[in-house]
Amino acid sequence: MLIGHHPSGLSVMIRYDGKAYVYQAQYNQGRHKDLEVAKRLAVIDSYPRGHQPTNCNEELLHWSWRDREA
């Protein structure tokens, strides 16, 4: 399981289910076959609609990621 943390206190979880990366964020959940795309989707979905970051590349720089055994 991969855990993402933002300095503001936001966090997301991403796990691999054997076929795709499944993410859980505060405002949505989803899945994607590519880990980097799943990270981006999780970061976007950790903000409420209308307040999502406009530059995901820049926003990802503020997140830290760590592996945690499930």
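In strand β4, Gly-30 is the bridge partner of Tyr-23. This pairing belongs to a predicted model, in which local features need pLDDT of at least 70 and side-chain atom pairs count only at pLDDT 80 or more, while totals for chains, interfaces and linings use all residues. Residues are numbered from 1 along each chain as its sequence is written, and side-chain values use heavy atoms, with hydrogens and water left out.

The confidence of the prediction comes next. The term pLDDT stands for the predictor's confidence in each residue, on a scale from 0 to 100. For this chain the mean pLDDT is 94, and 99% of the residues reach 70 or more. Among the elements of the chain, β3 has the highest mean pLDDT (98), and helix α2, residues 56-60, has the lowest (91). Where pLDDT is low, predicted coordinates should not be read in detail.

The names of the elements follow a rule: helices (H or I, at least four residues) and strands (E, at least two) are DSSP runs, numbered from the N terminus. Two strands count as paired if DSSP finds at least two bridges between them. In general, strands of a sheet pair through backbone hydrogen bonds, either parallel or antiparallel.

Here, 5 strands form an open sheet in the order β4-β3-β2-β1-β5, with antiparallel pairing. The edge strands are β4 and β5 (64-67), each of which pairs on one side only. On average, neighbouring strands of this sheet are turned by 20 degrees against each other, direction ignored. For this angle, axes are lines fitted to C-alpha atoms, for helices over the stretch in contact, and angles run from 0 to 180 degrees between N-to-C directions.

Strand β4 (residues 29-32) is joined to β3 by 4 bridges, and the two run antiparallel. They form a hairpin with 4 residues between them. Besides the pair of Tyr-23 and Gly-30, Val-22 stands opposite Arg-31 in β4. Strand β2 (residues 11-16) and strand β3 (residues 21-24) pair in the antiparallel sense over 4 bridges. Their hairpin has 4 residues between the strands, and Gly-18 in this hairpin takes a positive phi near 100 degrees.

Next in order is strand β1 (residues 2-5), which pairs with β2 in the antiparallel sense over 4 bridges. Ile-3 has Met-13 in β2 as its bridge partner. The hairpin of β1 and β2 has 5 residues between the strands, and Gly-9 in the turn has a positive phi of about 110 degrees.

A salt bridge is a side-chain nitrogen of Lys or Arg within 4 Å of a carboxyl oxygen of Asp or Glu, and a search of the whole structure finds 2 of them. In one, Arg-31 pairs with Asp-17, with the closest N and O atoms 2.7 Å apart. This pair links distant parts of the chain, 14 residues apart: Arg-31 is in strand β4, and Asp-17 is in the loop between β2 and β3. Accessibility is described in three classes: buried is under 20% relative accessible area, exposed is over 50%, and partly exposed is in between (1.4 Å probe, protein chains only). Arg-31 counts as partly exposed because its relative accessibility is 47%, and Asp-17 is also partly exposed, at 35%.

A salt bridge also joins Lys-39 to Glu-36, with the closest N and O atoms 3.6 Å apart. Both residues lie in helix α1 (residues 35-44), 3 residues apart, which is about one turn of the helix. Lys-39 is buried, with a relative accessible area of 14%, whereas Glu-36 is partly exposed at 44%.

The charged end of Lys-39 also sits over the ring of Trp-65, 5.0 Å from its centre. This description requires NZ of Lys or CZ of Arg within 6 Å of the ring centre and within 35 degrees of the ring normal.

Aromatic rings also meet each other. Rings of Phe, Tyr and Trp (its six-membered ring) pair if their centres lie within 6.5 Å; planes under 30 degrees apart count as stacked, over 60 as edge-to-face and the rest as tilted. The whole structure holds 2 aromatic pairs. Tyr-16 and Tyr-21 form a tilted pair, 4.7 Å centre to centre with 50 degrees between the planes. The rings of Trp-63 and Trp-65 have centres 6.0 Å apart and planes at 25 degrees, so this pair is stacked. Trp-63 is buried at 6% relative accessible area, while Trp-65 is partly exposed at 24%.
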